[in-house]
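Thanks for coming. I have one model to go through today, and I will keep it brief.

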2 protein chains.
Amino acid sequence: MPDKVRIALDAMGGDHGASVVIPAAEISLTRHPDSEFIFFGDTAVVQPLLDAHPKLKACSRLVHTEIAIKMDDKPSQALRYGRWKSSMWLSLDAVKKGEADVTVSAGNTGALMAMARFCIKMLPGIERPAIAALWPTLKGESIVLDVGATIGTDAHHLVELASMGSAMARILFDLDRPTVGLLNIGVEEVKGLEQVREAGQILREGNFPHFDYIGFVEGNDIGKGTADVIVTEGFAGNIALKTAEGTARQIGQYLKSAMARTWQAKIGFILARNAFRALSDKMDPRKANGGVFLGLNGIVIKSHGGADALGYASAIDIGYDMVRYDLLSKINQTIVRDDNVAKAAAGAAS
Amino acid sequence: MPDKVRIALDAMGGDHGASVVIPAAEISLTRHPDSEFIFFGDTAVVQPLLDAHPKLKACSRLVHTEIAIKMDDKPSQALRYGRWKSSMWLSLDAVKKGEADVTVSAGNTGALMAMARFCIKMLPGIERPAIAALWPTLKGESIVLDVGATIGTDAHHLVELASMGSAMARILFDLDRPTVGLLNIGVEEVKGLEQVREAGQILREGNFPHFDYIGFVEGNDIGKGTADVIVTEGFAGNIALKTAEGTARQIGQYLKSAMARTWQAKIGFILARNAFRALSDKMDPRKANGGVFLGLNGIVIKSHGGADALGYASAIDIGYDMVRYDLLSKINQTIVRDDNVAKAAAGAAS
């Protein structure tokens, strides 16, 4: 186990850049005093913010770069001007060189994925990385992937996602054979996109030894905790994730205004305030912020572009845990081993 | 305005069939005593249930058929054995023949769509029907379409959905130029599936006179009410809808157990019970059940397959309102008029 967890942060990424990243690092440091930070970004912007957080500054290093990847650039554009020198690339490179144990970015997802593939490289046998989200459910937590790394897919990529997601579930949830469901618009075998149906057939007939395929699941099954791992293509997965977050926020608003409507409700709210606090903690989508890149040779965490400091701190916390408990190397060992079995099984099934 | 609203119900459709459809019709009848019902289904099953609801029975007619469309049949299979004679077909046919003003089914969506196209026929110029859902938002309500009629799409179908959805919003929400957003995984123009980006370009450059295209929106924008109309392909739309419903249920469960944890919380809950009642009413996904088929020459409402009586009753209520306020013919006039303009605009833009 390392002495310190060394965290590289892309200080220019996301909608708010350093004004969120620095306070977020301070929040995370309070929770995990054995962290160290390397910030990559424009000194003119980052240094004054660091100076204002002396505790954080004491265990941080700042590497200057003026080049920041824009949120609306295509991956190819971002690579052209941002390779070798942007804050995003440099923070990935710190992980590759072993100067940091993990990197977190709230920047352009497509660019981050492309750069991570180039810089950190993929696991042997894995074609495309995925972003896995930890989704709070009525039974605990599930892993939902892909939530936006790869748009559009084929059956074999969906099977690969099942392999990677179940490897993560085995390590994180300490399960022998996690259950895997394939997100679809009905539980009947005839429904949905062709690639989803085809993946369902491979998963059903493959008899994969390391997970238990339970069939199609629907959007409302995610929150129920119907499966430990929910597999979906990145477009639908991202829309599901953000829709759930939006719904949680919406209901939070309803709750707030309902509790302010009458004096009885106000008194009731005061009496039940601890319960409400626990509830709003549970409902707060910021607590679940931070997607884990799977399939890479290093730990990369994607924060929402729009995250505030509390949300971004959750993403750092996930990265911290991944390092502290050596999760990625355990997951990766499982992925590589299982992927070979999966490919043999898929070959037999298709 | 018609004297009575005549409602044809596929009594065998959905996961629960007549055991939900009959009690649901009774609930809806209580709300709208000027309704009449024609049930299509197996007399052996439906008659005893009708006998147990004498008030409903008094304004109902039962047409016997033993053929019911199975939930897991492909549309082509369903058409082969269910055309002319299944409960689903007969209830659609009642609308076509003018014996009923509206039909509601909780049956197999793909089969319902295929049969509706064959039986009731499409509006001139519209290629494929869509299912539009009324989505409660922080600002009121938005229309989200397609939530599952058509799986997979191209840019021109997405533009058609914008046309149909905005026509519905103009009539239902009484707006001159409803705002239209295209559901995507980022608001930047470079992101997402190719057909979504292409549709975005057509909508942006088309200067459509009858709606105001505001660009890409994300999953969390739906609940905010960012746009009056949210356009998406049926697979992602269905997953978004069901994920939102699942999240609302999940938070309802959290709320329940939070309020039962301590005596302060329990007393607080009692004091605030009216506020909670209003809230749970607002959060209840059953209240929003019932998708409106757009693009057809008749009113067809799709209920969730798994809906209970309260949920199914909401779907009947939507159908009732569509008839009572003559909404579909107003929407259809707008669709046909706008579609011509849209096609000209799209042609100019692409």
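Predicted model: local features only at pLDDT ≥ 70, side-chain atom pairs only at ≥ 80, totals over all residues.

For chain A the average pLDDT is 91, and 98% of the residues score at least 70.

Now the symmetry. Two copies of a chain are related by a rotation about an axis and a shift along it. Here, chain B superposes on chain A by a rotation of 180° with 0.0 Å of shift along the axis, at an RMSD of 0.0 Å. The two copies are therefore related as by a two-fold rotation axis. Within chain B, the C-alpha nearest that axis belongs to B:G268, at 1.8 Å from it.

Next, the interface. How many residues does the contact take from chain B and from chain A? The number is 60 residues from chain B and 60 residues from chain A. On the side of chain B that touches chain A, the elements giving two or more residues are helix 9 (219-224), helix 10 (234-259), helix 11 (263-271) and helix 12 (273-283) of chain B. Helix 10 of chain B gives the most to that side, with 21 residues. By type, the residues on that side of chain B are 29 nonpolar, 17 polar and 14 charged. Of the interface residues of chain B, 100% are also interface residues in chain A, so the copies meet through the same surface.

Helix 10 of chain A packs with helix 10 of chain B at an angle of about 35°, their axes 8 Å apart. The crossing of helix 10 of chain A with helix 10 of chain B is right-handed. Residues meeting there include A:F235, A:I239 and A:T243 from chain A, and B:F235, B:I239 and B:T243 from chain B.

The last pair lies within chain B. Helix 1 (residues 18-31) and helix 13 (residues 309-324) of chain B pack at about 50°, with axes 8 Å apart. That angle makes helix 1 of chain B oblique to helix 13 of chain B. Their crossing is right-handed. Among the residues in this contact are B:V20, B:I27 and B:R31 of helix 1, and B:L310, B:I316 and B:D317 of helix 13. The residues of this contact are 12 nonpolar, one polar and two charged.

Methods. Residues numbered from 1 in each chain as written. Chains lettered and ligands numbered in written order. Contact = placed C-beta atoms within 7 Å. Helix = DSSP H or I, 4+ residues; strand = E, 2+ residues; numbered from the N terminus. Nonpolar A, V, L, I, M, F, W, Y, C, P; charged D, E, K, R; others polar. Least-squares fit on C-alpha atoms with pLDDT ≥ 70 in both. pLDDT = per-residue confidence, 0-100. Axes fitted to C-alpha atoms, helices over the stretch in contact; angles between N-to-C directions. Parallel < 35°, antiparallel > 145°, perpendicular 65-115°, else oblique. Left-handed = near helix turned anticlockwise from the far one by under 90°.
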